[in-house]
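Biologist: I want to go through the pockets and the DNA contacts. Can you take me through them one at a time?

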Protein chains: 2
Amino acid sequence: MKEFRRLQIKLTPQRLAILNFLRGNKSHPSAEDIYKAVLKHYPTMSFATVYNTLEALKSKHRVKELKIDSGKKRYDPDTTKHHHILCVKCKKILDLHTDFKLDVPEELTHGFELIGNSIEFYGLCRKCRKRH
Amino acid sequence: MKEFRRLQIKLTPQRLAILNFLRGNKSHPSAEDIYKAVLKHYPTMSFATVYNTLEALKSKHRVKELKIDSGKKRYDPDTTKHHHILCVKCKKILDLHTDFKLDVPEELTHGFELIGNSIEFYGLCRKCRKRH
DNA sequence: TTATTAATTAATAATTATTATTAACTGATT
DNA sequence: AATCAGTTAATAATAATTATTAATTAATAA
């Protein structure tokens, strides 16, 4: 649909399926999560297509890759500025919509041209706290 | 040496070699970087030992695992509170020793018990800026 | 609408990073 | 010096991701 036309990438049923799964999704899924979910409705989906599509969406800033969960990438369709909390036990990720001011003094940037930043919080979610 | 005795893990030449390589090292090496470097002086070193030792040092809070570089873990022997800047092109990581106050309003934590946080900056280093 | 073409799919192989297994070995304690 | 528990290192296994490529398909132009 016109959404994809705006993205300047080809509209395919596979991509539509992935985008539909991601739309409004707050679970911060991994590539595997996406693959498994979309597979149900689209049994010929391949892993390569998931990665291809994520790459396309990433390059169009329609999805953000999170590095918070070491070992695997997690994806977030919400590209507005916000941060995350990871439960170190169950690996659940929740959003944290607050704005933090991070002013870096020029003399500490080592000559870097700063592009962006990300803030992650680590903790124990309610369920995992109960389970001791 | 007594350093290791304090760590309550056995002193072995391999571990000593790894610790010596890490000591004061500001390059934020990956496991492979460490392996290759130590291999020069210690040709029987195995990858498993690098990972074992890193695990041991991590559990004793003598080294911190960084998730800033997606796809691989990087390690930092400086465990004092500080942050990092990653060059998105050459993947160089530099330290940023500034303190940022991150007060998270209770009502936004989703019931999480917060343990810690980390802040990463992304940018282009001087060299990579020049190389357009 | 159809033909063309350039991008995409999906099967598969390859790669990269990490973890697991285990027999031989070795440092620390007795 | 002997014992033993922890460690090494070779290797296999796993997990996540990227690369390859022939067949397919969406977008565009005729």
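Modeller: A pocket here is an open set of grid points where a 1.4 Å probe fits, with protein on both sides within 12 Å along at least five of seven lines. Its volume is the space filled by probe spheres set on the points. Keep in mind that this is a predicted model.

Biologist: What volume does the largest pocket have?

Modeller: Rolling a probe the size of a water molecule over the atoms shows where empty space is left. For the largest pocket, the volume comes to about 990 Å³.

Biologist: Which residue of chain B is among the closest to the centre of the largest pocket?

Modeller: The largest pocket is lined by 32 residues. Among the closest to its centre are A:Lys64, A:Glu65, A:Lys67 and A:Ser118. Chain B also has a residue in that closest group: B:Tyr122.

Biologist: Which element gives the most to the lining of the largest pocket?

Modeller: Chain A supplies two or more residues from each of helix H4 (47–59), strand S1 (64–66), strand S3 (83–87) and strand S5 (113–124). The top contributor gives six residues, and that is S5(A).

Biologist: How many charged residues are in the lining of the largest pocket?

Modeller: Lys and Glu count as charged. The lining has eight nonpolar and 11 polar residues. The charged residues number 13.

Biologist: Which element gives the largest share of the lining of the second largest pocket?

Modeller: The second largest pocket holds about 840 Å³ of space. Its lining has 32 residues, and A:Tyr122, B:Lys64, B:Glu65, B:Lys67 and B:Ser118 lie nearest its centre. By class, they are 10 nonpolar, 11 polar and 11 charged. The largest share is seven residues, from S5(B).

Biologist: Which residue has a polar backbone atom 2.7 Å from a phosphate oxygen of DNA strand C?

Modeller: A polar contact needs N or O atoms within 3.5 Å. For B:Lys72, a polar side-chain atom lies 3.1 Å from a phosphate oxygen. The backbone contact at 2.7 Å belongs to B:Lys73.

Biologist: Which element gives the most to the surface near DNA strand C?

Modeller: Helix H2 (13–22) and H4 of chain A each supply at least two residues, as does H4 of chain B. The top contribution is three residues, from H4(A).

Technical notes
Residues are numbered from 1 along each chain as its sequence is written. Chains are lettered from A and ligands numbered from 1 in the order in which they are written. This is a predicted model: local features need pLDDT of at least 70, side-chain atom pairs count only at pLDDT 80 or more; totals for chains, interfaces and linings use all residues. Side-chain values use heavy atoms; hydrogens and water are left out. On a 1 Å grid over the protein atoms alone, a cavity is a set of points where a 1.4 Å probe fits but cannot get out, and a pocket is an open set with protein on both sides within 12 Å along at least five of seven lines; lining residues have an atom within 4 Å of a point. Helices (H or I, at least four residues) and strands (E, at least two) are DSSP runs, numbered from the N terminus. A polar contact is a pair of N or O atoms within 3.5 Å; within protein, one must be able to donate a hydrogen and the other to accept it, and residues adjacent in sequence count only if both atoms are side-chain atoms.
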